[in-house]
Amino acid sequence: MKLYQGLTQVQVNDVLADDAPAFTITTDLQKPLNFSPDDLYHYIDSVLKPGSRHDENNLKFVTDPAFIGENYDFASIPLTAGLKDFESKMTFARKLVADLNRHISINIDTNKHEFQLLFVD
């Protein structure tokens, strides 16, 4: 699955990883992310409905940098609130799409209380 799918669809005790206080999010990857999983969750929370089907969301918010640059409310989260000019918004959008479309497997380790994001690229 893609990272944005994992962030919106995988739950434990009916909550997403970012909202499960007893769980931490770990990553296993070769190439680093542009943004932390927490920052990606904040963005996802501002544009997609958790647990919803793909046809219930505008997936251009996770797949199309130009669409994000033109339509996203950059003032909606602290990560993007300071982005004012076109170039900085587009740089953010390109890096965001690159992160959210990486392929992952997810392991939920209940003994360690971890959501393990295992990147396969």
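How many residues does H6 have, and what distance does H6 reach from its first C-alpha to its last? Please go on from there to its surroundings.

Analyst: In this predicted model, helix H6 covers residues 86–100; H6 has 15 residues and reaches 21 Å from its first C-alpha to its last, which is close to the 21 Å expected at 1.5 Å a residue. At the N-terminal end, H6 is capped by Asp85, a side-chain oxygen of which lies 3.2 Å from the backbone nitrogen of Glu87.

Along the helix, the buried residues are Ser88, Met90, Phe92, Ala93, Leu96, Val97, Asp99 and Leu100, and the elements that cover these buried residues of H6 include helix H1 (3–9), H2, helix H3 (60–63), helix H4 (65–71) and helix H5 (78–81).

Two packed helices are described by the angle between their axes and the distance between the axes. Helix H2, residues 37–47, packs with H6 at an angle of about 100°, and their axes are 12 Å apart. Angles of 65 to 115 degrees count as roughly perpendicular, and H2 and H6 are therefore roughly perpendicular to each other. On the H2 side the contact is made by Leu40, Tyr43 and Ile44, while H6 contributes Phe92, Leu96, Asp99 and Leu100. Sorted by class, this contact of H2 with H6 has six nonpolar residues, no polar residues and one charged residue. The residues that H6 brings to the contact, namely Phe92, Leu96, Asp99 and Leu100, are also listed among the buried residues of H6.

Key
Residues numbered from 1 in each chain as written. Predicted model: local features only at pLDDT ≥ 70, side-chain atom pairs only at ≥ 80, totals over all residues. Heavy atoms only, no water. Axes fitted to C-alpha atoms, helices over the stretch in contact; angles between N-to-C directions. Helix = DSSP H or I, 4+ residues; strand = E, 2+ residues; numbered from the N terminus. Parallel < 35°, antiparallel > 145°, perpendicular 65-115°, else oblique. Contact = heavy atoms within 4.5 Å. Nonpolar A, V, L, I, M, F, W, Y, C, P; charged D, E, K, R; others polar. Expected span 1.5 Å × (residues − 1). Buried < 20%, exposed > 50% of the residue type's maximum accessible area, 1.4 Å probe, protein only. Polar contact = N/O pair within 3.5 Å; in protein donor to acceptor, adjacent residues only side chain to side chain.
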